[in-house]
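Visitor: I am new to this structure. Please take me through some of its details.

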Amino acid sequence: MTGLLRQEYDCLIVGGGPAGLTAAIYLARFHLSVMLVDSGHSRAGLIPCTRNHSGFPDGISGTELLTRMRDQARRYGARLQSGLVIGIVRSDARFTAHTDEETFAAKTVLLATGVVNRRPEMMDAADHDQALASGLLRYCPICDGYEVTDRRIAVLGSGQRGMREAVFLRSYSADVTLIAPAGGHDLDAAMQAELAVAGIAVSGSCRAINLRDEQIVLDVGGALMPFDTLYPALGSEIRSELAGKLGAELGDEGSLIVDAHQRTNIEGLYAAGDVVLGLDQLSHAMGEGGVAATTIRNDLAKAEPLRR
């Protein structure tokens, strides 16, 4: 059951990853009232250490980055609340959002709900988390391909997605193998030719994934193949359900479609970060958060001049 309505905010932000937190910082510093509701499952929190983020040459963990951003948002007056938004209703140019315990009203809503990685089904959950923390398992070659330079790399995937990720990683190492998930490969002749030209090995279907002696070991048709790191190229689930129920326009895979200023086709509804089609990078998400916040501020000012 939802709780009582407390107040109306200038903006409700759903999602506390880099995009949502950047927007919260901007909006609070615009002297707007901001409520950010976060379920606590940002993909950024899974990053053991990123050295791809400008300003941190020695790297920073995702959890540390998010902690710093939350502290910064609170410093300027943004309110941050833990919870899962389960529904949003738009009526009379206003939004009402519900969690299991609370109800929030806002003039505008920014969705920064992100995506969820599709994890390898043949891997134990505890091993998965251990491998991710140690760098044996990685999800973003753009972020950390440099760290696996000249290492033995496995890519779990097939089709266009698997092939493209393997070819991308080939620029970091000469030892890249594309391994199929359950069901085998789905590679046409052109894909196979591109893999062959790149010198990428192609193996059968993976049956199990285990950790052994600081390596990640894939059981491929009964043969145990050790690697220094594994990249699952299985895609992700886009968290756009709330927007879809409001009638927001979605892309083919469920990503939110926005204009150059992060507006959706629903007046007062904006989106930023990985839930929008684009480069899944911290810097990109933060940039979109800044654009969205500035757009929200300016759109609110057009409707009613802002005064101190």
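Guide: α5 passes α6 in a left-handed crossing, a term used if the near helix is turned anticlockwise from the far one by less than a right angle, with clockwise counted as right-handed. This is a predicted model, where local features need pLDDT of at least 70, side-chain atom pairs count only at pLDDT 80 or more, and totals for chains, interfaces and linings use all residues. Residues are numbered from 1 along each chain as its sequence is written, and side-chain values use heavy atoms, with hydrogens and water left out.

Visitor: Are α5 and α6 roughly parallel or roughly antiparallel to each other?

Guide: Helix α5 covers residues 159–169 and helix α6 residues 189–198; helices (H or I, at least four residues) and strands (E, at least two) are DSSP runs, numbered from the N terminus. The two pack at an angle of about 15 degrees, with their axes 10 Å apart; axes are lines fitted to C-alpha atoms, for helices over the stretch in contact, and angles run from 0 to 180 degrees between N-to-C directions. Angles under 35 degrees count as roughly parallel, over 145 as roughly antiparallel, 65 to 115 as roughly perpendicular and the rest as oblique. Therefore α5 and α6 are roughly parallel.

Visitor: How many salt bridges does the count come to?

Guide: Side chains of opposite charge can pair when their charged atoms come close. The rule asks for a side-chain nitrogen of Lys or Arg within 4 Å of a carboxyl oxygen of Asp or Glu. By this rule the count is 17.

Visitor: With which residue does the side chain of D280 meet in a salt bridge at 3.2 Å, N to O?

Guide: D280 sits in the loop between β15 and α8, and its partner, 237 residues apart from it, in the loop between β2 (34–38) and α2 (62–75). D280 has a relative accessible area of 32%, so it is partly exposed; buried means under 20%, exposed over 50%, and partly exposed in between (1.4 Å probe, protein chains only). The salt bridge of D280 is with R43.

Visitor: Is D219 buried or exposed?

Guide: The side chain of D219 meets that of R207 in a salt bridge (3.5 Å, N to O). D219 lies in strand β11 (residues 215–220) and R207 in strand β10 (residues 201–212), so the pair ties together parts twelve residues apart in sequence. R207 is exposed, with a relative accessible area of 55%. The value for D219 is 15%, so D219 is buried.

Visitor: What is the phi of A93?

Guide: Most residues other than glycine have a negative phi. A93 is in the loop between β4 and β5 and is partly exposed, with a relative accessible area of 40%. A93 is not a glycine, yet its phi is positive, at about 60 degrees.

Visitor: Which residues make the nonpolar surface patch of about 250 Å²?

Guide: Patches are made of residues with over 30% relative accessible area and no salt bridge, where like charges are joined within 9 Å and nonpolar side chains (Val, Leu, Ile, Met, Phe, Trp, Tyr) within 5 Å. Accessible areas come from the Shrake-Rupley method with a 1.4 Å probe; for residues, only the protein chains shown count as cover. One member, L279, is in the loop between β15 (269–271) and α8 (282–303), and is partly exposed at 44%. The patch is made by I142, F168 and L279.
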